[in-house]
Amino acid sequence: MTVPTTTLPSDDELPVVGKGTYELEGETVQEPVEMALDVGYTHIDTAEGYMNEPSLGEVLADHDRDELFLTSKVLAKHLNYESVIEAAKTTLEDLQTDYLDLYLIHWPNPAISVRETMDAMATLEEQELVRNVGVSNFDLYQLSAAQHVTDVPIAVNQIEFHPYLQRPELVEYCQENDIVVEAAAPLARTEVLDDPVIEELAEEYDRTPAQIVLRWAVEKDVVVLPRSTSRKHIEQNFDLFDFELEADDHARIDDLDRDEPVYDDRARSWDDDVWGMAE
Ligand SMILES: NC(=O)c1ccc[n+]([C@@H]2O[C@H](COP(=O)([O-])OP(=O)(O)OC[C@H]3O[C@@H](n4cnc5c(N)ncnc54)[C@H](OP(=O)(O)O)[C@@H]3O)[C@@H](O)[C@H]2O)c1
């Protein structure tokens, strides 16, 4: 099985379904990723903060690098120039590869200049250590500021996106500016799966609730990164391209927006460490 791709500003092709690996720490990442590669996934999403890059590297070493699209992210505490370069090199070594297809700033860090971080990203791109650069969890203000201080195209913004958090203004801005939106937590960590509208549509289309939710996102040209450890779910989440939601049904899901995050709570407590940002 293969999935469609979307074209990045570099002309690289990004598969519209990727394998999420959050919380799959250490060796726990290996079996689900092997299953996904076996099913046909080629796009893998990781991050230095997920604590799985060395284990992932062992799995990926047995696969043709040219066939893979690998994304990683630099922690918010590593956004100084030298730290970005160092973090990227560690990730490359851990993943046993010479380049990343996409490297993202994992979280904005208001305590570090985004100009400095983007300068480091530009260096990584020039040195061909990363093929595309992007950001994650950036709101409109942060994204437009980052664009303003760099000539490097910001290819992707990976944000929390699902029926309960649709962020239409941010998505529209990204798409108008040729920035691909990737949906982190596209299933809202399962919270949307028992919504009565989703369940009803699943029955109507003879699909699972997860397939309805993921199909709705890809119909909006949003790339999805579902995480699963189950072979059945991994297969389902990839099998989204032989059906279409009727416009009315698509709109019923649009109507579920509650502006409610499962993880990206902007008014977060700074007593909690946010990816090392408090350090
Ligand atoms: N940039 C960021 O800050 C950020 C933040 C969050 C996430 N992400 C990325 O996005 C990926 C996905 O987000 P997430 O891991 O937070 O949550 P998610 O994909 O929304 O939800 C994962 C949960 O859904 C279940 N699931 C998956 N497929 C299913 C299916 N077909 N039917 C029923 N349940 C299903 C999984 O359980 P099973 O294992 O049992 O299938 C798991 O409990 C992450 O792994 C990561 O790569 C990035």
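In helix α1, the residues Pro 32, Met 35, Ala 36 and Val 39 meet Arg 231, Ile 234, Glu 235 and Phe 238 of helix α9. Two residues are taken to be in contact if their C-beta atoms, placed from the backbone, lie within 7 Å. By class, this contact of α1 with α9 holds 6 nonpolar, no polar and 2 charged residues. Here Ala, Val, Leu, Ile, Met, Phe, Trp, Tyr, Cys and Pro count as nonpolar, Asp, Glu, Lys and Arg as charged, and the others, Gly among them, as polar.

The structure is a predicted model, in which local features need pLDDT of at least 70 and side-chain atom pairs count only at pLDDT 80 or more, whereas totals for chains, interfaces and linings use all residues. Residues are numbered from 1 along each chain as its sequence is written.

**Helix packing**

Two packed helices are described by the angle between their axes and the distance between the axes. The axes are lines fitted to C-alpha atoms, for helices over the stretch in contact, and angles run from 0 to 180 degrees between N-to-C directions. Helices (H or I, at least four residues) and strands (E, at least two) are DSSP runs, numbered from the N terminus.

| Helix pair | Angle | Axis distance |
|---|---|---|
| α1 (residues 30-39) and α9 (residues 231-238) | about 40° | 10 Å |
| α7 (residues 196-205) and α8 (residues 209-219) | about 95° | 8 Å |
| α1 and α2 (residues 53-60) | about 35° | 10 Å |

Angles under 35 degrees count as roughly parallel, over 145 as roughly antiparallel, 65 to 115 as roughly perpendicular and the rest as oblique. Helices α1 and α9 are therefore oblique to each other, and α7 and α8 are roughly perpendicular. The contact between α7 and α8 is made by Ile 198, Glu 199, Leu 201, Ala 202 and Tyr 205 of α7 with Pro 209, Ile 212 and Val 213 of α8. That contact comprises 7 nonpolar, no polar and 1 charged residues.

The crossing of α1 and α9 is right-handed, and α1 also passes α2 in a right-handed crossing. A crossing is right-handed if the near helix is turned clockwise from the far one by less than a right angle, and left-handed if anticlockwise. On the α1 side, Gln 30, Val 33 and Glu 34 form the contact with Ser 55, Leu 56, Glu 58 and Val 59 of α2.

**Residues in loops**

Leu 225 lies in the loop between β10 (222-224) and α9. A residue is buried if 20 or more other C-beta atoms lie within 10 Å of its own, exposed if 12 or fewer, and partly exposed in between. Leu 225 is buried, because 24 other C-beta atoms lie within 10 Å. Although Leu 225 and Ala 183 are 42 residues apart in sequence, their C-alpha atoms are 6.2 Å apart in space.

Most residues other than glycine have a negative phi. Ala 188, in the loop between β9 (180-184) and α7, has a positive phi near 50°. Asp 206, in the loop between α7 and α8, likewise has a positive phi, near 55°. Ala 188 counts as buried, with 21 C-beta neighbours inside 10 Å, whereas Asp 206 is exposed, with 8 other C-beta atoms within 10 Å.

**The ligand shell**

The ligand is surrounded by 28 residues, of which the closest are Gly 20, Tyr 22, Ala 184, Ala 210 and Arg 227. A residue is near a molecule if its C-beta atom, placed from the backbone, lies within 6 Å of it. Helix α9 gives the most to this shell, with 3 residues. The shell divides into 11 nonpolar, 14 polar and 3 charged residues.
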